[in-house]
Structures are given as C-alpha cells and as structure tokens.
Amino acid sequence: MSFVEGWEQNFFISKWSMQQLLVECPSIYELMGHPDYDWDTTPLMQIWREKHDSSDNACSMLESYEPGESISILEEALSNNKIFSSAEVPQMVKFYNIFGVNNSTPHSVCHGCEQQPVSDLQQLLSLEAKYIYVDGDGTVPVESAEEDWLRAEARVRVPGDHRGIVCDPHVFCLLKHWLKAGESNPFYNPLNDYVILATAFDIETHRDQGLTISALNEDWEIISGDTEDQGKGAAEQMALVGTVSFAHVKKDQSYAGTNATIVVHPWSEGKQHLELWAISFTTSG
C-alpha cells in the first residue's frame, strides 16, 4: 500500500491514507501545543491517574499537564516502546528487500574546520557543512538499507539511486520473477541478474565388446544486463581453458575414466560464451 503521493518533489499524505496509517501502524499520535506560545487558553493534556491512599485503596485523580510538562509524560510513556524492534513478518507474507548501491551517500556531517572552528552554535545556520560519504543510493546508506531486521526471502543490491531504481530494468526483472508474472524463466538468478541459457547440447554413446564410450558437447551463454565493466579490455582478453581428468579401477578389474574440458570466452555485447567437452569410458571386468 502506498501512503505517500505527490508530484516531483512535492509530497503529501492524503486523508484516507492517514486514516489507514493510524489503523495499520501501532503508533500513538498526539497533537501537542507549542510550549512557548502565549495562549489565551492553555491547551492541556489530561490523564485520569490511578492513585492509592494511605490505606492502599485505589482511587482516580484527574491530572493536567501544560505543553511543556507533557513532554516528559510522553517520554516516560514511550520509554519501553519496543513494538517495531520486535515486529515480525507474518508467516504467510514473503518479504523482499531491494536497495540501491554505488552512489555516494551522506553519512556524517562536519561543521567548521581546524583553522576556522565554530565559536557560536548560532553560526551553524549559515555555515556550509562538509559531508562524509559512504556507499548507498544517494539517500540511504547500504548498511542501513540492508539491515531491515526482518525475515527476508532475498536482499538484492541494485546499482542505482534512491528514486531511479524504481525504473531500473533489473528491478523490473526481479519483481516479474518473484511475482511469477508472464512466462517463467527457470534459468534466471535474481541475486545476480544473470540468465544462463543452454544454446547447444549433444551427447553420443557407443558400446562395443565391453567398452562403453560417451561423448558430451555443451554450449552455454551467460547473459547479464550489467555491461558497464564487461567491455573494458575485452579485446585484449583471451579465452580461459580448464581440463580435469579422473580414472578409477574397480574391484572387478573394470576400468572407468572421464576427461572434461571447459572454455570460458570473454564477455561480448552482454554475453559470455562457455563451451564444455567431456568424454567418459568404462570397461567391464
């Protein structure tokens, strides 16, 4: 449910949304009067308090607090408020956390400097502050966004700013995958936004006089939407080749062996080509 509405930088909360907030959120809202205003009739916070006399008999007493006095009353009332820290997502609800990264985000602020220290706190209103930045979406630091304190099905970092990730194709793919909207892609990995496709598959098996030989040839493509760094130096990169072999002699004197070779080609136009060749053979005892 969306509580905040608006256009560009002008946001407001509609009356109906505020009513929903009051119903859905375990919070207490008090309309407090300004403590330093010269009121014709001072607004009061009144509380019927339970009191006990000298004989420990309970009785009711109406207490009134002016705006300045009511602050300490509310602070005491909220001193043990742990509703949000102990809140849990219902078992039937799945929570997913998507947040932006790779943007300088203000974290700490510094006023003045060693050469020009602040002599009067009133100067803070006109001084230009210097910020210390951390990774985030430009508004919320990663450390804060990632620590949701909830039982998340997944937490995914998306390169983008606070409002820009709403229009990011990666986020659209994540929502589409989690909501199971449209045609499902079993090869899609929402945590890294990779799609792995088998483009070719071929296997042959031959048997002759106790000898069995199987040959496998597979081609795969890894497709990623993040192509910013994949093309850097791609022309100078060479394919990576790896080989593994295995052989085993069984108790009945039968023999088995396998040899596999994989070739990983450099990224090209958002795709990475993988080739796999494997051959296995067995002999009967």
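Here is a short tour of a few local features.

First, the ground rules. This is a predicted model, where local features need pLDDT of at least 70, side-chain atom pairs count only at pLDDT 80 or more, and totals for chains, interfaces and linings use all residues. Residues are numbered from 1 along each chain as its sequence is written, and side-chain values use heavy atoms, with hydrogens and water left out.

Start inside. The largest nonpolar core has eight residues: Ala 154, Val 156, Val 158, Ile 165, Val 171, Leu 174, Trp 178 and Tyr 188. A nonpolar core here is a set of buried Ala, Val, Leu, Ile, Met, Phe, Trp, Tyr and Cys residues joined through side-chain atoms within 4.5 Å. Two or more residues each come from β8 (152-159) and α4 (169-178); helices (H or I, at least four residues) and strands (E, at least two) are DSSP runs, numbered from the N terminus. Leaving aside residues up to four places away in sequence, Leu 174 touches Ile 98, Val 156, Val 158, Tyr 188 and Pro 190, with contact meaning heavy atoms within 4.5 Å.

Now for the loops. Asp 56 sits between β3 (45-52) and β4 (58-65), and its phi is near 65 degrees, a positive value in a residue other than glycine. Trp 149, in the loop between α3 (142-146) and β8, also isn't a glycine and has a positive phi of about 65 degrees. Asp 56 is exposed, at 55% relative accessible area, and Trp 149 is exposed too, at 67%. Buried means under 20% relative accessible area, exposed over 50%, and partly exposed in between (1.4 Å probe, protein chains only).
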